[in-house]
Amino acid sequence: MQEAYLADEALNRVNLHSKPSDLRITDMRVAEITGAPFASVLLKIYTNQGIVGLGEVRDGASATYALMLKSRLLGENPCDIDRLFRRIKQFGGHGRQGGGVSAVEIALWDLAGKAYGVPIYQMLGGRFRDKVRIYCDTDAAVASGTATGKRLKQRMELGFTFLKMDLGLMQIADVPGAVVFPAGSLEGYREYPRRGPLKTIEERRVRNAAYDLHNIQHPFTGLHFSDKGLDLLEQYIAEVREVIGMDVPLAIDHIGHISMQNGIRLARRIEKYVPAWLEDVIPWQYTEQYRQLQDATTVPICTGEDIYLKEGFEPLLNSGGVSVIHPDLLTSGGILETKKIGDMAQDKGVAMAIHMAESPIAAMAAAHVATATENFMALEYHSADVDWWDDIVTGLPKPLVKNGFITVSDKPGLGIDDVVDEVISQHLQPGVNGIWQPTDHWDDEYSWDRTWS
């Protein structure tokens, strides 16, 4: 009797639904949602054994970036993560162009974890921490630092121990004499290009013009902060600190389309308020300008959410131009690549925060990396005001972010059971008519992909 009991107990710990060596990818489908807090694409990779892997294409990116990879993955064993990643990584790129490769890589890790019955962080080498610290990003949409400070104080009362806010062009754009700019150029930065279907050629022309404007890199815009503008920005952060105090870390984002020289002027003005970091002051590609910026201020300089692959981070880390890197798993190449990026940064004495502005799928992928990476600092959370965010998936604690932390369980893969179709169906992107629809038209997409002869 005792032997039979022990045998039954052993079987209870075995995954009877998967034989990893025989696991094969059979399908890939998407659900395109918006409002969580931005537009993103949830991804499912299906297998011959009924196991489904979850991934996510980065906010603002197209589902096409992932779906074009489908024919290159069908029939493969998803547990061969590194081999498949090396096959598809040439189809990713910086910014949102990394979204497809990264989404697939995350889904492969989820499948491997489910197949072998272990959490992803364990496959990365195990834990460095039991809880993942979350920083609460709060848009500063009001002209008053005191009002923004009160919003941040409310975040602290919810248990958040790390904060971020905006400070830059949009806080002073409406004040006469605060910004020096070529006539007529400032207004266009208030609106991003529209998403969704367009009905007329004129609507497309307007969107294309906005697209072009927002793609002018900072050194070429001709925008500058006046001394009056800098006074106002310094006053803004002073008012915030007056409300929240000096004990809590406060990172700064969304400086605006300004030059490296203006970044230096701003950084020096706000040093006394001890920002946790100053983020994306200029495009990340300008390695030498980042070095000059960091050399000119004691404020930690941060960038990285738009950098694809470990080799994309290497020049910045070698230059000494950053004190904090800030990869987004949905651009950087996914889970393993971000772990490698964090380890490389640690060798240079640089901390790693993680950018994340998507659903609980992306949040859990980032949390597993954070759990397994020693120099991790804090993970972004941009959905504190989205009341349906926790309802997107099942299998996670509610709320997932509790007292400013995520606790990563030892459940297999990402730790998510499934996506709640009823919830996401209420939040589809404009022009999208359904979820998880067949993608057979991608099954036979083909090109000779070799990049050398």
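Trainee: Where is proline 37 found?

Mentor: Proline 37 sits in the loop between strand E1 (25–33) and strand E2 (40–47). Keep in mind that this is a predicted model.

Trainee: What kind of peptide bond joins alanine 36 and proline 37?

Mentor: A cis one, with omega at about 10°. There's a second case: lysine 398 and proline 399 are joined by a cis peptide bond too, and omega there is about -5°. Proline 399 belongs to the loop between strand E14 (393–394) and strand E15 (405–407).

Trainee: Why point out such bonds at all?

Mentor: Because most peptide bonds are trans.

Trainee: What makes histidine 254 worth a look, going by its phi?

Mentor: Phi of histidine 254 is near 60°, which is positive, and the residue isn't glycine. You'll find histidine 254 in the loop between strand E8 (250–253) and helix H10 (260–270).

Trainee: Which residues of H12 and H14 meet?

Mentor: From H12 come Lys310, Glu311, Phe313, Glu314 and Leu317; from H14 come Glu337, Lys340, Ile341, Met344 and Ala345. By class, that contact has five nonpolar, no polar and five charged residues.

Trainee: Why are H4 and H14 called roughly perpendicular?

Mentor: Look at the angle again: helix H4 (residues 99–116) and H14 pack at about 100°, with axes 8 Å apart. The range for roughly perpendicular is 65 to 115 degrees, and H4 and H14 are therefore given that name. Glu105, Ile106 and Trp109 of H4 make the contact with Ile335, Leu336 and Glu337 of H14. Those residues divide into four nonpolar, no polar and two charged.

Trainee: At what angle do H6 and H9 pack?

Mentor: Helix H6 (residues 145–157) and H9 pack at about 35°, with their axes 8 Å apart. The crossing of H6 and H9 is right-handed. On the H6 side, the contact is made by Gly145, Thr146, Thr148, Gly149, Lys150, Leu152, Lys153 and Met156; on the H9 side, by Tyr236, Glu239, Val240, Val243 and Ile244.

Trainee: How does the contact of H6 with H9 split by class?

Mentor: There are six nonpolar, four polar and three charged residues. Gly counts as polar here, so Gly145 and Gly149, both part of this contact, go into the polar group.

Trainee: What about the second largest pocket: what is its volume, and which residues are closest to its centre?

Mentor: Its volume is about 250 Å³. Of the 16 residues lining the second largest pocket, Val142, Ala143, Met170, Gln171 and Ile172 are the closest to its centre.

Trainee: Which helices supply at least two residues of that lining?

Mentor: Helix H7 (169–172) and helix H9 (227–244) each do. H9 gives the most, with four residues.

Trainee: And how do the lining residues of the second largest pocket divide by class?

Mentor: Ten are nonpolar, three polar and three charged.

Key: Residues are numbered from 1 along each chain as its sequence is written. This is a predicted model: local features need pLDDT of at least 70, side-chain atom pairs count only at pLDDT 80 or more; totals for chains, interfaces and linings use all residues. Side-chain values use heavy atoms; hydrogens and water are left out. On a 1 Å grid over the protein atoms alone, a cavity is a set of points where a 1.4 Å probe fits but cannot get out, and a pocket is an open set with protein on both sides within 12 Å along at least five of seven lines; lining residues have an atom within 4 Å of a point. Grid points are joined across faces, edges and corners, and a volume is the space filled by probe spheres set on the points. Contact means heavy atoms within 4.5 Å. Axes are lines fitted to C-alpha atoms, for helices over the stretch in contact, and angles run from 0 to 180 degrees between N-to-C directions. Angles under 35 degrees count as roughly parallel, over 145 as roughly antiparallel, 65 to 115 as roughly perpendicular and the rest as oblique. A crossing is left-handed if the near helix is turned anticlockwise from the far one by less than a right angle, and right-handed if clockwise.
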